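Here are some notes for a colleague opening this structure for the first time. Please keep the model on screen while going through the points.

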Amino acid sequence: MQQNRNDKLIVILGPTASGKTELAIKLAKKFSGEIVSADSRQIYKRMDIGTGKATKKQMKIVPHHLIDIVNPDQEFNVTIYKKMAVKAIKDIQKKGKIPFLVGGTGLYIKAVVDNIEFLKIKPQKKLRKELENKTTEQLFKIYKKLDLRGAKLIDKQNKRRLIRAIEVCKATKKPFWEQRKKGNPLFDVLQIGIKIEKEKLKNKIENRIGKMFKQGLEKEVKNLSEKYGWKTWSMQTIGYQEWKPYFNKKITKKELQQIIALHTRQFAKRQMTWFKSDSRINWIKNEKQAEKLIKKFIKLTFPLNS
RNA sequence: GCCGCGGUAGCCAAGGUGGUCACGGCGGAUGUCUGAAAAACAUCAGAUUUCGGUUCGAUUCCGAACCGCGGCA
């Protein structure tokens, strides 16, 4: 354990609408920290209301990183994210401040916390296009030939994963599965998860959507769809994709709102499924508990703060 | 009131000609995750409106009741 080097990282995670943003800002302010977003949608510019970004005002209280970093028609992925996040975190540490990694995108958080070293094989458009025309059975057969062990463990029916696995095998001439790896941990991490009952979260989700509608989500979505269409990756976002049938007059506004709420609830559940499996997460119910954990965590490196 | 049509899981919904019946989809529960992750994918639970009859056997055939829809009065 290095005593005086600042390699601490505090993670604040939880399902959508659980109140991460608010909590993180309070904590970061209190412990002189800066926020690094771990949210796969808030990276997009112009997608403000529907992704639940912090307001300009809030961002003035505490510096935020990795928000608004690409245009809505640009492609983005974990690898890019990880690189940027690690850099942002280190920069904050160098300033003697504490980085707060805040968000609900499990894979992004994991990439940083577990230092996943993604294989440097770029997605190959031609190959992917070719493979996409095949059935999952065909893809599985191909993969099996390239990586017998991996074939036993992969989601057999998940085309997207099969294609990626094949892509890596072909590019590296080695089995995909055994090439996956984690590096040594980059940071000393404290993970804090927001615990919230299902019913309560359901209400919060509904309220939040109501608020978004009032804040002008319709216009935001309309502008985006007119400028970039509906097919971009960024439009594959809850709170955005659902508007298409509404604009085409296939559903009413009330139905639209219900569908968004449904999708959001389902998403929240998937997030929890992801987080549940990480036993390192400290689940808290309120700010006080979070503060307590942080104080204890920080003591060694920042004796003056406690 | 009469005539017709229908009543299959929380919702939608397949099931010519009776054989441990019970297709799907949505929703639900549980889970997977190493370059799209607010993505993609998997597993599981759950039903024949009710009461009688015919039959070795009824989701299926017959009758009645109840409910819904349409038409006539």
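1. Angles under 35 degrees count as roughly parallel, over 145 as roughly antiparallel, 65 to 115 as roughly perpendicular and the rest as oblique. Please also keep in mind that this is a predicted model.

2. Start with helix α5 (residues 125-132) and helix α8 (residues 159-172). They pack at an angle of about 135 degrees. Their axes are 10 Å apart. The crossing of α5 past α8 is right-handed.

3. Which residues of α5 and α8 meet? From α5 come Leu-127, Arg-128, Leu-131 and Glu-132. From α8 come Ile-163, Ile-166, Glu-167 and Lys-170. By class, this contact of α5 with α8 has four nonpolar and four charged residues, and no polar ones.

4. Now the domains. In chain A, the assignment gives domain 1 as 8-117 + 183-305. Domain 2 is given as 125-179. Taken over C-alpha atoms, the centres of domain 1 and domain 2 are separated by 31 Å.

5. One strand pair deserves a look. Strand β2 (residues 33-37) pairs with strand β4 (residues 98-103) in the parallel sense, over five bridges. Where does Ile-35 find its bridge partner in β4? The partner is Phe-100.

6. Helix α3 (residues 78-94) packs with α4 at an angle of about 50 degrees, with the axes 9 Å apart. α3 and α4 are therefore oblique to each other. Their crossing is right-handed.

7. What makes the contact between α3 and α4? On α3 the residues are Val-78, Tyr-81, Lys-82, Ala-85 and Val-86. On α4 they are Leu-107, Tyr-108, Ala-111 and Val-112. Eight residues of this contact are nonpolar, one is charged and none is polar.

8. Helix α1 also has a helix partner, helix α13 (residues 287-298). α1 and α13 pack at an angle of about 45 degrees, with their axes 11 Å apart. That makes α1 oblique to α13. The crossing of these two helices is right-handed.

9. Last, the residues between α1 and α13. Leu-23, Lys-26 and Leu-27 of α1 meet Glu-287, Ala-290 and Ile-294 of α13. The contact of α1 with α13 divides by class into four nonpolar, two charged and no polar residues.

Conventions:
Residues are numbered from 1 along each chain as its sequence is written. Chains are lettered from A and ligands numbered from 1 in the order in which they are written. This is a predicted model: local features need pLDDT of at least 70, side-chain atom pairs count only at pLDDT 80 or more; totals for chains, interfaces and linings use all residues. Two strands pair if DSSP finds at least two bridges between them. Helices (H or I, at least four residues) and strands (E, at least two) are DSSP runs, numbered from the N terminus. Axes are lines fitted to C-alpha atoms, for helices over the stretch in contact, and angles run from 0 to 180 degrees between N-to-C directions. A crossing is left-handed if the near helix is turned anticlockwise from the far one by less than a right angle, and right-handed if clockwise. Two residues are in contact if their C-beta atoms, placed from the backbone, lie within 7 Å. Ala, Val, Leu, Ile, Met, Phe, Trp, Tyr, Cys and Pro count as nonpolar, Asp, Glu, Lys and Arg as charged, and the others, Gly among them, as polar. Domain bounds come from an automatic or database domain assignment.
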